[in-house]
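Please read the points below with the sequence and the 3D view open.

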Amino acid sequence: MSVVREPRSIVRKFLARPQQEGLGAVVRRSIGRFELRYFDPFLVLDEFSVSAPAGFPDHPHRGFETVTYMLQGAVTHEDFEGHKGTIGAGDLQWMTAGRGVVHSEMPAAEGTQKGLQLWINLSSKHKMIQPRYQEISSANISEATKDGVKVRVIAGEALGIKSTIQTKTPTMYLDFTLKPGSQIQQPIPKSYNSFVYILEGEGIFGQDSRTNSPIPSHNLLLLSGFGDGLVACNKGTKILRFILVGGEPLGEPIAQLGPFVMNTQQEIDQTIEDFENCTNGFEKASHWRSQARVKLGY
């Protein structure tokens with residue numbers, strides 16, 4: 001396993017509490033909340049839970065990327081360009097909204113659908129690029145297992161394997177599962193901002209595993225900007241599952257109005273005008289309604 005010489009420490013910890021979002025969906029928001037509006041380049045991290053007929057009906061995006069990673073169940077996505085598909089448990093959709101997308105995300109199975117959605121900011125030079133989708137089924141996500149540790153490599157590299165995802169903003173996104181008694185040392189590029197979000201179980205993270213207390217699920221851990229990696233261990237009796245995410249800070253001004261993220265207020269004003277007038281990337285929004293919205297009758 002890789003050796004981390006200067007482990008990053010935890011500088012802040014947030015418990016993500018449930019809140020209502022969309023049409024009757026429940027999310028645990030850890031980034032994009034009032035205590036942490038932005039963690040460059042990350043805009044939002046939601047752990048969502050949704051059951052039909054609730055969901056995320058027709059809505060726009062501009063200026064960033066959304067990464068949807070399903071944990072349970074399935075969600076159907078459709079947009080105003082005619083792109084449609086369903087992502088199930090373990091599947092990934094990496095959507096670059098760029099100059100504009102209008103889409104819906106709705107439950108596609110019985111029961112409760114659960115997943116993660118991460119919003120990653122785009123640099124000014126990429127904000128108005130053409131939209132793009134990268135979709136990978138669970139079976140095709142790179143995985144490695146060693147010494148009681150399993151990692152799924154969504155973006156970046158871990159345990160000697162690399163993801164096939166191409167990122168506009170340099171990003172690592174790793175899904176780790178640690179059996180009881182196991183530990184991991186994962187390098188992080190020194191220039192990256194990084195965080196951990198715990199999905200299941202409890203673990204010890206940071207510089208000194210002898211004195212740190214275990215941290216349970218639904219907590220977001222912001223890691224320091226100093227150090228070359230993460231050290232984590234599972235001293236409990238159940239599995240520990242968490243994501244480690246890092247990204248290159250853009251260092252650019254940010255202007256945001258809901259699902260529109262630009263660099264200046266003038267650009268936000270122009271985006272609103274484009275969306276309302278169905279121009280400059282939103283041309284097909286004028287007459288489009290998702291099939292899910294039609295079924296809901298509005």
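1. Among contacts (heavy atoms within 4.5 Å) in the protein chain between residues at least 6 apart in sequence, 72% link residues at least 24 apart. This is a predicted model, where local features need pLDDT of at least 70 and side-chain atom pairs count only at pLDDT 80 or more, while totals for chains, interfaces and linings use all residues. Residues are numbered from 1 along each chain as its sequence is written, and side-chain values use heavy atoms, leaving out hydrogens and water.

2. The protein chain has two helices and 26 strands. These are DSSP runs, numbered from the N terminus: H or I of at least four residues for helices, E of at least two for strands.

3. The C-alpha trace of the protein chain spans about 60 × 40 × 35 Å along its principal axes.

4. Of the 298 residues in the protein chain, 52% are buried. Buried means under 20% relative accessible area, exposed over 50%, and partly exposed in between, with a 1.4 Å probe and protein chains only. The protein chain exposes about 13200 Å², and carbon and sulfur atoms supply 49% of that area; the method is Shrake-Rupley with a 1.4 Å probe.

5. How many disulfides does a search of the whole structure find? It finds zero, a disulfide being a pair of cysteine sulfur atoms within 2.5 Å. Cys233 counts as buried because its relative accessibility is 6%. Cys278 is also buried, with a relative accessible area of 18%.
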